[in-house]
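Hi there,

Here is the structure I promised to pass on. Have a look at it first, and my notes follow below.

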Amino acid sequence: MYVVLEGIDTAGKSTQLEILKSKFKEAVFTKEPGGTKLGIKLREMILSGEAQSSKAEMFMFLADRAEHTEEIILKNKDNLIISDRSFISGIAYALNEDMEKLIELNRFATSNNFPNKVILLELTKNELEKRLSKKENDSIEKRGSDYLLSIQDRLKQTILKLKIDYIFIDASDSIENIAQKIEDFIND
């Protein structure tokens, strides 16, 4: 089974992934972008804001995704794979691009290997702003809370459009409650 954990920056994905690693020791853990050697380089370029155009940034994500599918997803298809983000984030972050076109590009990049289950950690504007104020922000986080909330909305739209089995979880709930909901969803 291929499970992805989605959510905008500061939603708590890293915390929940650490908990999942202790509960699902046999699982293959990965991330997008950055789950492969090429992906690490692309992730650095994306997070440092090297691409000047949103299309170039989108194609960097697609290159990472194609490599990730080949090197991680397909080679581990008989295992439980848990990924920090997926192509769903790629579609969400390409706000100005047509969703249908992006879905088709991602079908091509992933050879139609979409996740079986998606977990989305959701934040309110108030909670997001509180969390952003407590950390050093990267180039994407510096775009502000309204931008990030539009990404969160597009994440939800994409998940619903793809009809992948999903759960939306309030990220302001306790870490323990969120962890239990995620574990139950994976085991269901």
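Please keep in mind that this is a predicted model.

The lining of the second largest pocket is made up of seven nonpolar, four polar and three charged residues. The space inside comes to about 180 Å³. Fourteen residues line this pocket, and those nearest its centre are Ser 54, Glu 57, Tyr 93, Ala 94 and Leu 95. If you want to find the pocket on screen, go to helix H3 (54-73) and helix H4 (87-93), each of which supplies at least two of the lining residues. H3 has the largest share of that lining, with four residues.

Now for the largest pocket, which holds about 600 Å³ of space. Its lining counts 32 residues, and Lys 13, Ser 14, Arg 43, Asp 84 and Arg 85 are the closest to the centre. Which kinds of residue make up the lining of the largest pocket? There are 13 nonpolar and 13 charged residues, together with six polar ones. Several elements come together here: helix H1 (13-23), strand E2 (28-31), helix H2 (37-47) and helix H8 (175-187) each bring at least two residues to the lining. The most comes from H1, which gives seven residues.

E2 also has a place in the sheet. Five strands, in the order E2-E3-E1-E4-E5, form an open sheet with parallel pairing. At the edges are E2 and strand E5 (165-170), each of which pairs on one side only. Going from one strand to the next, the twist averages 20°.

At the E5 end, strand E4 (residues 117-122) pairs with E5 in the parallel sense, over six bridges. A handy place to start looking is Lys 117, which stands opposite Asp 165 in E5.

Finally, back to H3, the helix that lines the second largest pocket with four residues. H3 also lies across strand E1 (2-7), E2 and strand E3 (81-84). Relative to E2, H3 runs at about 170°.

Best wishes

Terms used
Residues are numbered from 1 along each chain as its sequence is written. This is a predicted model: local features need pLDDT of at least 70, side-chain atom pairs count only at pLDDT 80 or more; totals for chains, interfaces and linings use all residues. Side-chain values use heavy atoms; hydrogens and water are left out. On a 1 Å grid over the protein atoms alone, a cavity is a set of points where a 1.4 Å probe fits but cannot get out, and a pocket is an open set with protein on both sides within 12 Å along at least five of seven lines; lining residues have an atom within 4 Å of a point. Grid points are joined across faces, edges and corners, and a volume is the space filled by probe spheres set on the points. Ala, Val, Leu, Ile, Met, Phe, Trp, Tyr, Cys and Pro count as nonpolar, Asp, Glu, Lys and Arg as charged, and the others, Gly among them, as polar. Two strands pair if DSSP finds at least two bridges between them. Axes are lines fitted to C-alpha atoms, for helices over the stretch in contact, and angles run from 0 to 180 degrees between N-to-C directions. Contact means heavy atoms within 4.5 Å.
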